[in-house]
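The sequence and structure come first.

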Amino acid sequence: MKPRPTWWKTLIAILITMVMLFPLYWMINISFTQRRSIRAADLYPKDFTFSNYSAMIHTQLPYLGTSLLIAFSVVIVTLIIALPASYALSFLNFAGSRSMNFILILAQMIPAVVMSLGFYQIFNDLGLLDSIPGLILADSTLSVPFAVILQTAFMQTMPKSLIEAAKIDGASNWRIFMEIVIPLSRNTIVTTSLFAFLWSWSDFMFASTLNAGGGKMRPITMGIYDFISANNEEWGPLMATAVMASVPTAVLLLVAQKYVAAGVTAGAIKD
């Protein structure tokens, strides 16, 4: 039987991809356009300039540094908490372990705006408002439950005979965790790290609620508002900042895409 032509499917896929990527292209286009020519809405930067990126570098680098510090710190906190918790849920029998996954799923259903209002009073009492540690702690509450759920789903698919053999040989839980479970969990570790980074990098709700007065220590999602005021909008520098803020996430996605594909599906099929 002669195979049916699929060129039209490819064409549709290309058109859909172009539509989805057009906002990104337009952001780059505006970032290279002089302010006086932005309203002309040319499809390419006829009035080309690097001044928008120069303005971004002089004003937004502290915010980018803060976002990087928060994002990488959230990744570290997430792994430190989620990996041992996942191991305990997968291999250690303790009271309440079966209901823990339900509690974690329930925690993810709480809207961030509700959590931010609760955090505000707590952080105010603890002196964590307008501080980087406060944002790291708040952002971690979003990434840790997801990381535990994903890591637990994968660890439960590991051969139980491998763990039992290690215990028979006299290996402690700590040694099994560090020398067997962690190396085998590489893909899911990369996946959870990436999601933790993306969530904290793009966070606006916690940043605007818990760190609105942080000055130059605010993340980039807040710093970008320096270009927007009641009487003036600097769209060129704003778009240049948005482009630069997209670079770390794009690089991470390109580098980790094969690990993410394997990590997301980990635990979906059990032998």
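A residue is called buried under 20% relative accessible area, exposed over 50% and partly exposed in between, with a 1.4 Å probe and protein chains only. The model is predicted: local features need pLDDT of at least 70, side-chain atom pairs count only at pLDDT 80 or more, and totals for chains, interfaces and linings use all residues. Residues are numbered from 1 along each chain as its sequence is written, and side-chain values use heavy atoms, without hydrogens and water.

**Loop residue Phe-227**
- Phe-227 sits in the loop between H10 and H11 (helices are DSSP runs of H or I, at least four residues, numbered from the N terminus).
- Phe-227 counts as buried because its relative accessibility is 9%.
- Beyond four places in sequence, Phe-227 has contacts (heavy atoms within 4.5 Å) that include Thr-59, Gln-60, Pro-237 and Leu-238.

**Nonpolar cores**
- A nonpolar core is a set of buried Ala, Val, Leu, Ile, Met, Phe, Trp, Tyr and Cys residues joined through side-chain atoms within 4.5 Å.
- The largest has 36 residues, of which Phe-119, Phe-206 and Leu-210 touch the most other members.
- H2 gives the most to this core, with 8 residues.
- Phe-119 touches Asn-124, Ala-138, Thr-141, Phe-206 and Leu-210, leaving out residues up to four places away in sequence.
- Another core lies apart from it and has 13 residues, among them Leu-83 and Met-155.

**Packing of H2 and H5**
- H2 (residues 51-91) and H5 (residues 132-155) pack at about 35°, with their axes 7 Å apart; axes are lines fitted to C-alpha atoms over the stretch in contact, and angles run from 0 to 180 degrees between N-to-C directions.

Methods
Helices (H or I, at least four residues) and strands (E, at least two) are DSSP runs, numbered from the N terminus.
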